2 protein chains.
Amino acid sequence: MSTLLPTQVRLNAYPTGPVGPETWQITHDAPAAPGPNQVLLQMHMLSVDPGMRGWITPKRSYMPPVKPGEVMRAFGVGTVLESKAKAFVPGDVVTGFTGVQTTGVVDAMFLRKVDLSLAPASSYLSGLGMTGYTAYFGLLDVGKPQAGQTVVVSAAAGAVGSMVCQIAKIQGCRVVGIAGGADKCAFLREALGLDAVLDYKAGDLGAALKAAAPGGVDLYFDNVGGAVLDTVLMQIKRHARVVLCGGISQYADMEQARGPANYLQLIAQSATMQGFTMMEYMHRIPEALAQILAWQQAGKLQFREHVLHGIECFPQAFDMIFSGANQGKLLIDLQP
Amino acid sequence: MSTLLPTQVRLNAYPTGPVGPETWQITHDAPAAPGPNQVLLQMHMLSVDPGMRGWITPKRSYMPPVKPGEVMRAFGVGTVLESKAKAFVPGDVVTGFTGVQTTGVVDAMFLRKVDLSLAPASSYLSGLGMTGYTAYFGLLDVGKPQAGQTVVVSAAAGAVGSMVCQIAKIQGCRVVGIAGGADKCAFLREALGLDAVLDYKAGDLGAALKAAAPGGVDLYFDNVGGAVLDTVLMQIKRHARVVLCGGISQYADMEQARGPANYLQLIAQSATMQGFTMMEYMHRIPEALAQILAWQQAGKLQFREHVLHGIECFPQAFDMIFSGANQGKLLIDLQP
């Protein structure tokens with residue numbers, strides 16, 4: 001029954017340390033009428049992302065944090081029910097910042113239309129959404145891989161990581177994926193056909209990396225930070241590039257974050273560590289969408305999705321992201 | 001008397017933790033005769049550099065470490081007494097890797113001639129030596145400053161830092177120097193005319209930086225790492241560049257190095273952190289030498305030198321570098 005009631009997941013209070021149930025508040029408020037440049041949405045699907053941890057941290061970042069009491073920020077896909085925005089009419093299917101809610105009023109400037117005849121709603125939150133674009137621009141534009149180079153990817157079985165691995169293979173790179181656990185490693189080896197797969201939970205990662213990339217690492221796409229980043233830094237090549245996409249090992253307790261102790265290897269190897277967000281690339285989304293869709297339709301690229309059901313599972317879904325329990329892009333299907 | 005005896009300072013054992021007197025061994029061996037492609041040198045002047053800490057750490061870096069029992073690696077200036085190398089004849093004055101010794105046999109491939117009619121020997125180890133070239137290429141080639149940008153420099157009163165500050169001023173940048181103690185800060189304000197000078201020992205560096213650079217930091221030239229790097233990272237602008245030149249706060253105990261806890265700001269600000277060594281730029285030394293000399297002769301650039309006397313003071317000089325007791329480029333004059 002509860003999914004038929006309008007439901008919102010709100011930020012209750014900024015977490016101090018690990019995120020627990022006290023971080024969230026579930027409400028059942030009836031949506032207001034849309035104001036100018038707003039639309040009322042019926043939501044279909046929500047995206048659960050590691051970046052959400054930063055949005056509930058009251059610290060300077062690329063976006064202002066969500067405030068306590070506000071609906072939690074999230075990407076989603078929904079249908080326009082009412083529109084006070086020129087760009088949309090009722091019946092349009094849209095994606096963007098929709099918030100963690102089943103229905104609600106959203107600013108139109110954060111939305112764009114999607115075409116469900118090209119791909120299902122879930123794809124617009126995985127390979128054809130921010131996840132795919134992050135992998136595409138982070139690897140190609142920030143990382144600048146060359147065919148034949150050795151590319152190492154952490155959280156390689158994750159939403160962004162699995163896209164990065166596949167795009168790097170398409171570029172002709174030798175791809176080494178790092179993941180935790182036999183299932184994820186089997187997926188990377190068998191479904192994605194990586195050149196080497198390293199289980200960071202299964203022993204000496206440094207020794208395993210040395211065996212998998214004896215000539216060193218040209219490009220490291222980092223989603224995790226912590227001990228894995230430190231291990232890879234010790235094996236970067238001269239002029240290597242480290243792309244900082246995330247640091248999920250540091251998100252559990254952002255007040256106690258620790259930096260990469262081996263960062264001085266960047267000096268020794270004349271190497272570069274570069275961060276990025278999708279803010280820079282919003283104007284190039286059409287290019288990425290067209291290319292990723294073409295690769296997918298040609299069978300060169302698969303979107304790995306892990307779909308949960310019902311808005312009430314959001315707190316659990318959030319935990320799964322940080323415990324690594326998800327297998328691919330974590331989504332919540334809101335259809336009753 | 002002792003300076004008349006041939007004297008060498010050798011690495012006794014790799015330090016574990018802080019470097020003490022047990023790290024060094026002083027010997028008085030008579031030099032051998034030069035072999036093929038070697039020269040026998042009479043030394044005049046030695047350079048004492050923070051990078052020496054890395055040379056006595058048995059860890060992967062841009063050069064192999066010095067081995068216990070070997071003469072400690074150092075840059076110096078000396079006169080060729082005997083030559084078995086085509087490029088040099090007795091009487092040539094040369095600079096390069098000479099080692100910490102009063103006289104000795106050196107591989108010619110690490111030496112180049114200098115012209116004492118243009119500048120004194122000390123200059124070829126300060127502004128016209130690796131110190132100056134490191135500042136020149138690190139700032140201009142790695143950092144790529146633009147006129148009007150805010151450039152922050154740590155260890156700003158040090159050998160490299162004071163050169164970076166002056167070259168950044170020549171480029172039309174707004175330069176904020178960070179140094180420890182009133183004397184160094186007075187030098188930066190009065191002798192170098194920086195736009196703002198921050199004493200990291202005198203209170204809240206973050207607040208002082210915010211006041212000095214309210215619009216944020218475009219370019220940070222880091223010589224120190226540690227808390228200062230973390231503080232500046234919190235105030236970098238979008239697309240900022242962090243040039244990693246050194247991390248002297250981390251050199252005291254390299255086994256316990258800590259990385260910049262705020263490194264995820266590189267993601268939030270789409271910023272870049274890049275390391276470099278002079279290895280990349282050896283072929284461009286003539287360009288740097290000509291430009292730095294021209295600036296110096298035009299009165300736009302001064303070389304700050306701190307000269308000690310006698311090879312026996314090498315262990316004490318090494319300590320001075322790490323306690324920040326030197327005022328500019330630390331040199332040891334070996335002339336009796």
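Predicted model: local features only at pLDDT ≥ 70, side-chain atom pairs only at ≥ 80, totals over all residues.
Twelve strands form an open sheet with mixed pairing, and their order is β10(A)-β9(A)-β8(A)-β11(A)-β12(A)-β13(A)-β13(B)-β12(B)-β11(B)-β8(B)-β9(B)-β10(B). At the edges stand β10 of chain A and β10 (196–199) of chain B, each with a single partner strand, so one side of each is left without a neighbour in the sheet. On average, and with direction ignored, neighbouring strands of this sheet are turned by 15 degrees against each other.

**Strand pairing in chain A**

- Strands of a sheet pair through backbone hydrogen bonds, and the pairing can be either parallel or antiparallel.
- Strand β8 (residues 150–153) of chain A pairs with β9(A) in the parallel sense, over four bridges, and within this pair Val151(A) stands opposite Val175(A) of β9(A).
- Strand β8(A) also pairs in the parallel sense with strand β11 (residues 217–222) of chain A, here over three bridges, and Val152(A) has Tyr220(A) as its bridge partner in β11(A).
- Strand β9(A) pairs in the parallel sense with strand β10 (residues 196–199) of chain A, again over four bridges, and Ile178(A) has Leu198(A) as its bridge partner in β10(A).
- Strand β9 (residues 174–179) of chain A is mostly covered, since five of its six residues are buried.

**Helices that link and cover these strands**

- A right-handed β-α-β unit is made by β8(A), helix α3 (residues 159–170) of chain A and β9(A).
- A further right-handed β-α-β unit is made by β9(A), helix α4 (residues 182–191) of chain A and β10(A), so that β9(A) takes part in both units.
- Helix α4(A) lies across β9 and β10 of chain A, and it runs at about 175 degrees to β10(A).
- Helix α5 (residues 205–212) of chain A packs on the sheet as well, where it touches β9 and β10 of chain A, and its direction makes about 175 degrees with that of β10(A).

**Helices packed against helices**

- An α-helix has 3.6 residues a turn, so residues three or four places apart point the same way.
- Helix α5(A) packs against helix α6 (residues 226–233) of chain A at an angle of about 45 degrees, with the two axes 10 Å apart, and α5(A) and α6(A) are therefore oblique to each other.
- The crossing of α5(A) and α6(A) is right-handed, and the contact is made by Leu205(A), Gly206(A) and Leu209(A) of α5(A) together with Val228(A), Thr231(A) and Val232(A) of α6(A).
- In chain B, helix α2 (residues 130–143) and helix α3 (residues 159–170) pack at an angle of about 50 degrees, with their axes 8 Å apart, and α2(B) and α3(B) are therefore oblique to each other.
- Helix α2(B) passes α3(B) in a right-handed crossing, and the residues in contact include Thr131(B), Ala135(B) and Leu139(B) of α2(B) as well as Val160(B), Met163(B) and Ile167(B) of α3(B).

**An enclosed helix in chain A**

- Twelve of the 14 residues of helix α2 (residues 130–143) of chain A are buried, so this helix is largely enclosed by the rest of the structure.
- Among the buried residues of α2(A) are Met130(A), Tyr133(A), Tyr136(A), Phe137(A) and Val142(A).
- Just after α2(A), Lys144(A) takes a positive phi of about 50 degrees.

**Where the chains meet**

- The contact takes 26 residues from chain A and 27 residues from chain B.
- On the side of chain A that touches chain B, α7 (265–268) and β13 (272–275) of chain A each supply at least two residues, and β13(A) gives the most to that side, with four residues.

**A serine with positive phi in each chain**

- Ser270(A) is found in the loop between α7 and β13 of chain A, and its phi is near 45 degrees, a positive value in a residue other than glycine.
- Ser270(A) counts as buried because it has 22 C-beta neighbours inside 10 Å.
- Ser270(B) is found in the loop between α7 (265–268) and β13 (272–275) of chain B, and phi of Ser270(B) is near 45 degrees, a positive value in a residue other than glycine.
- Ser270(B) is buried, with 21 other C-beta atoms within 10 Å.

Notes
Residues numbered from 1 in each chain as written. Chains lettered and ligands numbered in written order. Buried ≥ 20, exposed ≤ 12 C-beta atoms within 10 Å, placed from the backbone. Pairing = 2+ DSSP bridges. Right-handed = clockwise from strand over helix to strand, strands pointing away. Axes fitted to C-alpha atoms, helices over the stretch in contact; angles between N-to-C directions. Parallel < 35°, antiparallel > 145°, perpendicular 65-115°, else oblique. Left-handed = near helix turned anticlockwise from the far one by under 90°. Contact = placed C-beta atoms within 7 Å.
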